[in-house]
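Dear colleague,

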Amino acid sequence: LVTGTNSGIGKQTAIALSKNGAKVVLCDLEENPETLYTIKSMDGEGIFVPCDVREEGQIIKLMETCKEHYGRLDFAFNNAGIPGESAPVAQCSDYNWHNTLSINLTGVWHCMKHEI
């Protein structure tokens with residue numbers, strides 16, 4: 001399982017894992033077919049499951065899908081994250097603060113909680 005697979009490190013990690021024989025569950029807010037297409041074009045195996053890591057219920061469904069499709073979860077890379085808006089502390093909005101923490105910290109914690 002790799003979260004945040006639409007671009008960057010998550011995308012490249014999913015592809016690298018597939019090259020090494022892993023059956024990869026890709027996860028992001030919305031499907032970007034490019035990552036899964038790349039994996040399948042190399043005769044790799046994978047599925048995409050949309051998931052907002054800010055929502056624990058969606059993470060639970062993600063884990064259920066992993067188990068239903070592959071029988072178990074052997075490895076997870078909780079990569080989904082955002083940089084948040086760059087601003088001095090006094091000018092940082094509450095939304096920016098809470099959204100960034102919700103994805104980068106709480107999302108990882110909820111993923112680990114249900115992966116374990």
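In helix 2, the residues Thr35, Leu36 and Ile39 are buried, where buried means under 20% relative accessible area and exposed over 50%, with partly exposed in between (1.4 Å probe, protein chains only). Because these three cover an arc of only 90° around the axis, they lie on the same side of helix 2, the arc being that of the directions from the helix axis to the C-beta atoms. The face turned away from this buried side carries the exposed residues Pro33 and Tyr37.

This is a predicted model, in which local features need pLDDT of at least 70 and side-chain atom pairs count only at pLDDT 80 or more, while totals for chains, interfaces and linings use all residues. Residues are numbered from 1 along each chain as its sequence is written, and side-chain values use heavy atoms, with hydrogens and water left out.

The buried residues of helix 2 pack against helix 1 (8–19), strand 2 and strand 3, contact meaning heavy atoms within 4.5 Å; helices (H or I, at least four residues) and strands (E, at least two) are DSSP runs, numbered from the N terminus. Just after helix 2, Asp43 takes a positive phi of about 65°.

As for the sheet, three strands form an open one in the order 1-2-3 with parallel pairing, two strands being paired if DSSP finds at least two bridges between them. Strand 1 (2–3) and strand 3 (45–50) stand at the edges with a single partner strand each, so one side of each is left without a neighbour in the sheet.

Best regards
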